[in-house]
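Here's a quick briefing to read with the model open in your viewer.

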Amino acid sequence: MAINKHSCGKYQVKVTGIDGRWITKLFESYKDAEVFETDLKRQKQTGQQITNQAKNISFDEYFVQWFETRESQASAGWRRAQLHFYRDHIRDLLGPVKLASVTPQYIAKVLNRAYENKLSEQTRLHIYSLLRKAFGDAIEIFHLLHVSPVHKSFKPKLPQKEARFLTIEEVRKLLLFAEGKPYEIAVWLGAYM
């Protein structure tokens with residue numbers, strides 16, 4: 001590992017990955033380069049795989065690999081929904097981009113387009129959650145990235161709906177309906193609560 005001053009005036013961190021290729025990154029300040037180098041050293045010491053693979057694969061290639069490894073982690077219905085969200089709302093913007101090149105601006109673009117297409121808040125939240133999980137696993141499981149471009153500030157806010165309560169007339173009808181039935185006491189208790 002080394003920190004060198006680059007000809008452009010920036011500081012370059014250089015380290016050999018497990019695949020034998022150089023991992024390099026440029027920083028504006030020596031301090032930032034030092035923090036990155038320290039993190040890489042810590043990762044190496046804890047046995048994590050440090051690789052330059054994220055610069056070589058597209059997000060689409062990563063997503064296919066990620067989706068296959070997460071097969072047992074969700075229900076069949078949610079897996080179909082994930083594929084739908086990826087295919088219809090994410091792939092055309094992020095698919096061809098190299099995994100290491102995906103920035104928060106790309107994520108914002110995906111979520112902004114979902115908003116412009118008038119997708120529901122819940123659908124936009126699902127798209128956000130899918131991206132957050134995929135990039136989180138790129139860091140924690142695959143060790144391809146060091147930081148996620150999906151920030152919490154991008155999370156769509158769901159509108160708060162006030163709970164609907166029965167009117168007095170509706171409660172009276174319910175109590176009359178439950179009269180003499182085995183669950184009458186439960187209905188009365190629920191009405192009083």
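Reading from the N terminus, the elements of the protein chain go β-β-β-α-α-α-α-α-α-α. That gives 3 strands and 7 helices. Keep in mind that this is a predicted model.

**The chain as a whole**
- The protein chain has 193 residues, and 32% of them count as buried.
- Its accessible surface is about 12700 Å², with 54% of that belonging to carbon and sulfur atoms.
- Take the contacts between residues at least 6 apart in sequence: 54% of these join residues at least 24 apart.

**Helices α3 and α4**
- Two packed helices are described by the angle between their axes and the distance between the axes.
- For helix α3 (residues 76-94) and helix α4 (residues 104-116), the axes cross at roughly 145° and come within 10 Å.
- The crossing of α3 with α4 is right-handed.
- On the α3 side, the contact uses Asp 88, His 89, Ile 90, Asp 92, Leu 93 and Leu 94.
- On the α4 side, Tyr 106, Ile 107, Lys 109, Val 110 and Arg 113 take part.
- Sorted by class, the α3 and α4 contact residues come out as 6 nonpolar, 1 polar and 4 charged.

**Helices α6 and α7**
- Further along, helix α6 (residues 168-178) packs against helix α7 (residues 184-192) at an angle of about 165°, and their axes are 9 Å apart.
- Angles over 145 degrees count as roughly antiparallel, so α6 and α7 are roughly antiparallel to each other.
- Their crossing is left-handed.
- From α6, the residues in contact are Val 171, Leu 174, Leu 175 and Ala 178; from α7, they are Glu 184, Val 187, Trp 188 and Ala 191.
- The class count for the contact of α6 with α7 is 7 nonpolar, no polar and 1 charged.

**A closer look at Leu 131**
- Which helix holds Leu 131? Leu 131 lies in helix α5 (residues 121-140).
- Is Leu 131 buried or exposed? With a relative accessible area of 1%, Leu 131 is buried, because the cut-off for buried is under 20%.
- Setting aside neighbours within four places in sequence, Leu 131 is in contact with Phe 59, Ile 90, Leu 94, Ile 107, Val 110 and Val 150.
- Among those partners of Leu 131, Ile 90 and Leu 94 also belong to the α3 side of the contact with α4, while Ile 107 and Val 110 belong to the α4 side.
- Leu 131 and Phe 85 are 46 residues apart in sequence, with a C-alpha to C-alpha separation of 9.9 Å in space.

Conventions: Residues numbered from 1 in each chain as written. Predicted model: local features only at pLDDT ≥ 70, side-chain atom pairs only at ≥ 80, totals over all residues. Heavy atoms only, no water. Axes fitted to C-alpha atoms, helices over the stretch in contact; angles between N-to-C directions. Helix = DSSP H or I, 4+ residues; strand = E, 2+ residues; numbered from the N terminus. Parallel < 35°, antiparallel > 145°, perpendicular 65-115°, else oblique. Left-handed = near helix turned anticlockwise from the far one by under 90°. Contact = heavy atoms within 4.5 Å. Nonpolar A, V, L, I, M, F, W, Y, C, P; charged D, E, K, R; others polar. Buried < 20%, exposed > 50% of the residue type's maximum accessible area, 1.4 Å probe, protein only. Areas by Shrake-Rupley, 256 points an atom, 1.4 Å probe, with all protein chains shown as cover.
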